[in-house]
Amino acid sequence: MDKIKISFILNDKPVTVETYPNKRVVDLLREDCECTSVKEGCSEGECGACTVLVNGTPVTSCLMLAGQIEGDSILTLEGLSKDGELDKLQTSFVEAGAVQCGYCTPGMVLSAKALLMKNPHPTHEEIRRALSGNLCRCTGYTKIFKAVDMAAGN
Amino acid sequence: MALRDLAVLGKANVKKDAYNKITGEAKFAADLKFDHMLYGGVFRSTVPHATIKRFDASKALALPGVACVLTSKDIPGGNRIGIILKDEPVLVDDKIRRVGDAIAIVAAETQELVEEALELMEVEYDLLEPILSYEDAMREDSAKVHGETNLHMRKHLESGDVDAAFAQCDVIVEGTYTTNMLSHMFIEPDAGVARIEDGVITVYASTQNAHFDRGEVARTMGLPNNKVRVVQVTTGGGFGGKLDISVQCHLALLANATGRPVKMVRSRKESTDVSAKRHPMTMKAKTGATKDGKIQAVEVFMTGDTGAYASYGPAVIVRAVVHCMGPYEVPNVRVDADFVYTNNPMCGAFRGFGVPQVSVCHEGQMNALAKALNMDPIDLRILNAQRPGTVLATGQVLDEAVGFIETLQEAKKKAAEVLDTCKENQGVGVGCMWYGVGNTGLPNPAAAFVEVLPDASVNLMVGCADIGQGSSTVMAAIAAEELGLSYDDIHVTSADTMVTPEGGASSASRQTFISGNATRIACKQAKETLAQTAANFLNVPKEDLIFRNRMVYSSKDPAIKLTYPELMAEMKKWGKLAVGAGAYNPKTTYLDAKTMAGIPYEIYAYGTTIAQVEVDTSTGEVDVQKLISAHDVGQAVDREMVEGQIEGGMVMAQGFAVFEKIEHEKGKIKNPIFSKYLIPTAMDVPEIYPIIVECPGEAGPFGAKGVGEPALIPGIPAITNAVENALGQRFFELPLMPTEVMKKIRG
Amino acid sequence: MIEQRGKGYEYCRPGSWEELAAILCKAEAGVMFLAGGTDLAVDLRTGKKSCAHLVDLKGLTELQGIAETAAEEGKKGEICIGSLTSIHQLEINPLLQEKAAALPEAACQLGSRQVRNRATLGGNLANASPTADTAAPLLVLDAFLELWSPSGSRHIPVEDLWQKAGKTFLAADEIIRQITLPLAPGRGTAFMKLGPRQAMDIAIINAAASLELEDGRISQVRIALGGAGERPLRMKQAEAFLLGKEATAEHFAQAGVLAAQESSPRSSRRASREYRLATIPVLTERVLLKALSRLS
């Protein structure tokens, strides 16, 4: 198989990567783009640790191939804080005590971000649904819900 | 309820690791990258019990980009590892004892090449009879997994006169309870990187015990301890599953053989297949009481399967035996326990070391007893509850720090406030637990180094691995409290064997207590010099000095004071350094070999959960709706983190009680991945009400105990008992899968 | 460092039907179509499936979208769904929510939010899982499929798609192009699923129903179950029993018993045959009641 050039927007910056089209997006981001906040936990789209936003919607990057993101806009946790200033969700996760081992955190924050971009004041049920594709084994989710509520100003 | 006036403890601080984790900057093992780094992989057995007839890696070695393939012959040092017993080969030599045993390891230029090389390796086995159950194992003529017997460990505890006591009892209840093999399912699969730096093998690993790893790597490599450095990198959860050696020894071998850095990242499947599991246990119990509800005797016989290797099995059996009567005063106790070796997956430590299993048994018995006596389940528990002065079955007499009854009362109070009146098919259940903090009847010390720097900031070095539970935050708070500084003044370096002293395992809920005490002792030592200098300067006796809120002042006259920066300037002037080294080993004794009498733990934590559930009697589905959980933590070091432990524990308890189970057949795990081994999602979480009870004793740092494992335990029996309450049926086997619940409902 | 090598298949992403046809004509064997990839990406990686050519269909943008064709003289209205429409799009589509509620109801319970964003309706159907969450709703909605291959297109009812678990009647070079739902204004439809977990769970059993009443009696009924056999199935005896009867809980319960009788579930790791047989009546009754509640 030949390598192809793939161009996309990564954290608001245009990038072009020469790679194999069947390389998984999680590998592309971690290995070729130094975005190691994108975690791999299961390789089958079940744990949500590798969640990134593609054109504003959350997807598990372990299920995507590089060829599938041509022209898309990708957001990883590295791109969430702007000019060193943390996103509201990030500060609320810290303040609410929603971070324990931290492995699910990047994906969790991005799923929450996608929710708040579409729905700035979600209900408790909407928060639970939006985060149900991100497994956390440490926190029991409760403080994560609280963090999202805090960020939403609920 | 805190008895002490504390400046730092008992509040909520920003976790030391929070900012790095929330920005994505925190580096986990899989995120590490070094120049010229190779990737490593393991060729594993696919059969449970066999000798190797032929192994051939020539095709793999011929693959361009493969750097080396190593087998047991290439191990420079010893080829046996294990936390308690050294019974597991780093690479198989004599025979295969489980599916997943490591036969060979490979290093190659890319992960893809590693996978390709593994596919090219060939093995032929001579199969041996697989031992797959307790009954198999105990048959006299069965094949032996290790040595001459499959009996891994047998324990007996006896106090009082059990037979005579049962003869006097008005009510006796019996039950046989079964719990299943479970998987930790930490979200980060095991990973690490090893490299050689200045003649030292450095292993960066996802681990719960860097210092243990160091010893294992050193022995495998035939090197002195100080030629091996293990650094615990940011670790994505453990729950006991990262106490055993995972990638560390293999990485060291590969880095040593190639002279290049090597990284290994396990797949989810590999991680689940070979990391230790929770011991499946069967517990047959008999409990006798007088007609007014006072328990007179408990008898338990339990069996457990530790699988192919001991791992933490010896700790699980001993702890299960000591805890199996529950947090109650029981004058006459007899416990027998047998753990066996089989060719099943290895079982070891998993949050609670056997206490979650026995809690299902003792709380099932309490539920049955309450029913038989027609007593309120909470009243029955309060009547029998351990309290200050209680004599345990081991002969130990409890001190003042026993907050069990308070947890029952607080949970009951909350239940009256938040639980609904039960409709049909709804039920409420109570579950309780006690948990001895630290290792059982064995020394388990930890140490800390501290230095107060010229600007009054502090370097604290502890061996204790922070795996996300927040131990570094706890140590910082304890140091700040003791030194009279603020939390933000303390920088913690943890679990790096070249920098920090031994901390022991982040397990057994022991670090707040043991590393916490070590930290406090180290700080006291540093404070001694500080106090002497301050006393000289202020011209007051040093015993009168109070260190608090970055000030040092006289307890007699607060106006006589100096600030910390002033004190540090004074220290500099006199050429004094504020350093301290502290070590703490809990005051326990070895347990008697025959009766298990002795002092197994210095302190105990207590907890009560009340659960409300609703059962769909047409489908057997159990909906866990509300969980109230009250925990005596002695002294909360950080309230928010204690709540976080309780909430996380409760959701794990829900998984344990309702749907988690490792299924294995012929020694092979059938559901090693998240799509098949279900853990609770955000949609499953019930309403959780954490309650912190504080009964501080003298033993812990500022009275603190531990909460990591206690947080899980009482939720499991509470949910089980709530389902019993909803359906009027007893359940003896977990998890309460819809299929099983339906069978019960339909008779 | 030696560069990572691609796994043994060629990836391509045609942007037009002509391009697709050209690729298919050239590639003789070993073609697999990539839609959302939420299952296939894993299967290709683990080696459970393999192919020589992976044809990514997402370049055919016209395969995405949901549109209504209004009723005309002598012709019912219909909703046409492009086969590469994401499950999430089904979930939030107001048209479907109003006129074919069972489908968005199933969509929102499929996998995780992340998976629903990638997974497609066509992919879910072509995967041929006996418990595919979108299958039962399409069966009760009388959906038919437009299939396309380089040699032409054809239409089949959705129930003719599946042979057995994991196997369809699609030809090797054939894809699902469009899913069409004929509209029936007086219809109430619903979907339910049974599984131990509240999210991201593969159903043990799932069920869909559609109901129409005339003068208080059932004039049209469809019941479909996933997990009741080797493929998603219509429960035709149960339907026949209900036709012409009053829509009562008692009749629904009896229909449920019939549905269990005409089911042949298997025992799997997830649930025993017995458990499935015991819960089929319950789920059937409940989904019928839910469909009924949507009628008024």
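Predicted model: local features only at pLDDT ≥ 70, side-chain atom pairs only at ≥ 80, totals over all residues.
## Domains of chain A

The C-alpha centres of domain 1 and domain 2 of chain A are 21 Å apart. Residues are numbered from 1 along each chain as its sequence is written, while chains are lettered from A and ligands numbered from 1 in the order in which they are written. Domain 1 of chain A spans 4–79 and domain 2 spans 88–152; domain bounds come from an automatic or database domain assignment.

Between them, 16 residues of domain 1 of chain A are in contact with 13 residues of domain 2 of chain A, contact being defined by C-beta atoms, placed from the backbone, that lie within 7 Å. On the side of domain 1 that touches domain 2, strand 3 (51–54) and strand 4 (57–60) of chain A each give at least two residues. Strand 3 of chain A provides the largest share, three residues. Helices (H or I, at least four residues) and strands (E, at least two) are DSSP runs, numbered from the N terminus. The side of domain 1 of chain A that touches domain 2 comprises nine nonpolar, six polar and one charged residues. Ala, Val, Leu, Ile, Met, Phe, Trp, Tyr, Cys and Pro count as nonpolar, Asp, Glu, Lys and Arg as charged, and the others, Gly among them, as polar.

## Contact between chains A and B

Chain B contributes 44 residues to the contact, and chain A contributes 36 residues. On the side of chain B that touches chain A, the elements giving two or more residues are helix 1 (18–23) and helix 16 (639–658) of chain B. Helix 16 of chain B supplies the largest share of that side, seven residues. By class, the side of chain B that touches chain A holds 22 nonpolar, 13 polar and nine charged residues.

## Architecture of chain B

Chain B contains 18 helices and 29 strands. Its assignment gives domain 1 (18–25 + 445–503 + 514–584), domain 2 (32–128 + 187–237 + 242–274) and domain 3 (277–440 + 591–745). The C-alpha centres of domain 2 and domain 3 of chain B are separated by 36 Å. Their contact involves 17 residues from domain 2 of chain B and 20 residues from domain 3 of chain B. The domain 2 side of this contact has six nonpolar, three polar and eight charged residues.

The radius of gyration of chain B is 27 Å, which agrees with the value near 27 Å for a compact globule of 747 residues. This radius is taken over C-alpha atoms, and the globule rule is 2.2 Å times the number of residues to the power 0.38. Of the contacts in chain B with a separation of 6 or more, 80% join residues 24 or more positions apart.

## Nonpolar core

The largest nonpolar core has 399 residues, and those with the most contacts inside it are Val106(B), Leu460(B), Ala479(B), Ile719(B) and Ala208(C). Such a core is a set of buried Ala, Val, Leu, Ile, Met, Phe, Trp, Tyr and Cys residues joined through C-beta atoms within 7 Å. A residue is buried if 20 or more other C-beta atoms lie within 10 Å of its own, exposed if 12 or fewer, and partly exposed in between, with C-beta atoms placed from the backbone. Helix 16 of chain B gives the largest share of this core, 10 residues.

Methods:
Contact = placed C-beta atoms within 7 Å.
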